[in-house]
Amino acid sequence: MKKTVLVYGLISGLIVASLMVVNSIYCSETGNNIGMVLGYSSMIIAFSLIFVAIKNYRDKFKNGVISFGKAFQIGFLITLIASTMYVLVWQIEYNFFMPDFAEKYGAKILNDLKASGAGHAEIEEKRKEMAEFAIMYKKPLYNILMTYAEILPVGLLVTLVSSLIVKRKVKKAEA
C-alpha cells in the first residue's frame with residue numbers, strides 16, 4: 001500500500017503543483033479572470049488518480065476486494081501528499097515571486113464589486129475585510145492553513161466518491 005500511496009501521491013502532487021504554477025503565470029500575464037476555474041479543474045484532474053490508485057490496489061494486491069475504510073485510507077494519504085506538495089510550491093511561489101498576491105487579490109475583488117454597482121458602504125466594508133486578509137495572509141501559518149483549506153476538501157471529496165465506487169466486499173459462497 002505504501003508504494004501505491006507514494007507513487008500516486010507524488011504524481012498527483014506534481015500535476016496539481018505544476019498546473020498551479022502555470023495557472024498563476026497565465027493569470028498574472030493575461031489578467032484573465034478564470035484562475036479559480038482553472039485551479040479547481042487542475043485539482044480534479046490531479047485527484048482523479050485517487051480512483052485509479054484505489055482500483056489498481058484493489059485489483060493487483062487485494063484480489064478484487066477492498067473495504068470502504070481501506071479505500072478511503074489510500075485516497076486520504078494520496079490527498080495529503082499531493083496537498084502538501086501544492087502548499088509547499090505555493091509557499092515558494094508566494095514568498096519569492098508573488099509577495100503582493102493578497103493586495104492584488106483584494107484590489108481585484110474591490111474592482112469587481114465596484115463594477116457590479118455595489119454601494120459605497122458595501123465597498124468600504126469589503127475594503128476593510130480585504131485589508132485584514134492581506135495582513136493575516138502575510139503570516140506563514142495562516143497562509144499555509146488557507147492553502148490547505150483550498151485543496152484538501154477537493155481531495156477528500158474525490159476520495160469519498162472513489163472509495164464508494166471502488167469498494168467491493170467478498171462474495172459469500174452460495175449454499
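Is Lys55 buried, partly exposed or exposed at 34% relative accessibility? Lys55 counts as partly exposed at that value, where buried means under 20% relative accessible area, exposed over 50% and partly exposed in between, computed with a 1.4 Å probe on protein chains only. The model is predicted, so that local features need pLDDT of at least 70 and side-chain atom pairs count only at pLDDT 80 or more, while totals for chains, interfaces and linings use all residues. Residues are numbered from 1 along each chain as its sequence is written, and side-chain values use heavy atoms, with hydrogens and water left out.

View 1. Helix α1 comprises the 29 residues 2–30 and should span 42 Å at 1.5 Å a residue, which agrees with the 41 Å between its end C-alpha atoms; the expected span is 1.5 Å times one less than the number of residues. Helices here are DSSP runs of H or I with at least four residues, numbered from the N terminus. Buried residues of α1 include Tyr8, Val16, Met20 and Cys27, and what covers the buried residues of this helix includes α2 (35–61), α3 (68–97) and α6 (140–166).

**View 2. The packing of α1 with α2.** The axes of α1 and α2 come within 9 Å and cross at roughly 170°, the axes being lines fitted to C-alpha atoms over the stretch in contact, with angles running from 0 to 180 degrees between N-to-C directions. That makes α1 roughly antiparallel to α2, a term for angles over 145 degrees. In the contact of α1 with α2 (heavy atoms within 4.5 Å), the residues divide into 17 nonpolar, seven polar and no charged.

**View 3. The salt bridge of Asp59 with Lys55.** The structure holds seven salt bridges, each defined as a side-chain nitrogen of Lys or Arg within 4 Å of a carboxyl oxygen of Asp or Glu. In one of them Asp59 pairs with Lys55, the closest N and O atoms being 2.7 Å apart. Because Asp59 and Lys55 are four residues apart in helix α2, about one helical turn separates them, and Asp59 counts as partly exposed at 34% relative accessibility.

**View 4. The salt bridge of Lys138 with Glu103.** Between Lys138 and Glu103 the closest N and O atoms of the salt bridge are 3.3 Å apart. This pair links distant parts of the chain, with Lys138 in the loop between α5 (120–137) and α6 and Glu103 in helix α4 (residues 101–115), 35 residues apart. Lys138 is partly exposed at 44% relative accessibility, as is Glu103 with a relative accessible area of 37%.

Notes
Helix = DSSP H or I, 4+ residues; strand = E, 2+ residues; numbered from the N terminus. Parallel < 35°, antiparallel > 145°, perpendicular 65-115°, else oblique. Nonpolar A, V, L, I, M, F, W, Y, C, P; charged D, E, K, R; others polar.
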